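The entries follow in the order I made them.

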Amino acid sequence: MSEQIILNAIEALVCIKEFVSENPNCKFYIGKTDDYARREQEHLSHGYSGFKVISQTSSIEELNKLERLLIMISRVFYKENLENENNGGGGNISESSDYYIYITSK
């Protein structure tokens, strides 16, 4: 695992910790997207709120590794709150110059 992925993971985990600390009883979801606005609207239409980008990268490989790592760690520390059913890496991501990892809550 690259040093950059580890640094991005640490920064994102700090964001997740702050998010959960501010909303201790909320359920949250970690996801990835290449179209922030579209994905935010999809989640809002399904009852989510508090959509926040917690990491950004230009590498789809790094994006997938980081999403899996954040979900895996969140399962350990926030299992009651985490809504992700799978371990990440799925979804439709098209070629883009920017990719985002986000957190959203109910």
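I took contact to mean heavy atoms within 4.5 Å. This is a predicted model, where local features need pLDDT of at least 70, side-chain atom pairs count only at pLDDT 80 or more, and totals for chains, interfaces and linings use all residues. Residues are numbered from 1 along each chain as its sequence is written, and side-chain values use heavy atoms, with hydrogens and water left out.

Entry: Ser55.
I found Ser55 in strand 2 (residues 49-57); helices (H or I, at least four residues) and strands (E, at least two) are DSSP runs numbered from the N terminus. Leaving out residues up to four places away in sequence, I listed Asn8, Ala12, Leu66, Tyr99, Tyr100 and Ile101 as touching Ser55. Ser55 has 7% relative accessibility and so counts as buried (under 20% relative accessible area; exposed is over 50%, partly exposed in between; 1.4 Å probe, protein chains only).

Entry: helix 1 and helix 3.
I looked up the axes of helix 1 (residues 3-22) and helix 3 (residues 60-77), which come within 10 Å and cross at roughly 45°. On the helix 1 side, the contact is made by Gln4, Ile5, Asn8, Ala9, Ala12, Leu13 and Ile16. Helix 3 contributes Glu62, Lys65, Leu66, Leu69, Leu70, Ile73 and Ser74.

Entry: cysteines.
I noted 0 disulfides in the structure (a disulfide is a pair of cysteine sulfur atoms within 2.5 Å). Cys15 is in no disulfide, and the nearest cysteine sulfur, that of Cys26, is 14 Å away. I logged Cys15 as buried, at 18% relative accessibility. Cys26 is also buried, with a relative accessible area of 9%.

Definitions and conventions:
Axes are lines fitted to C-alpha atoms, for helices over the stretch in contact, and angles run from 0 to 180 degrees between N-to-C directions.
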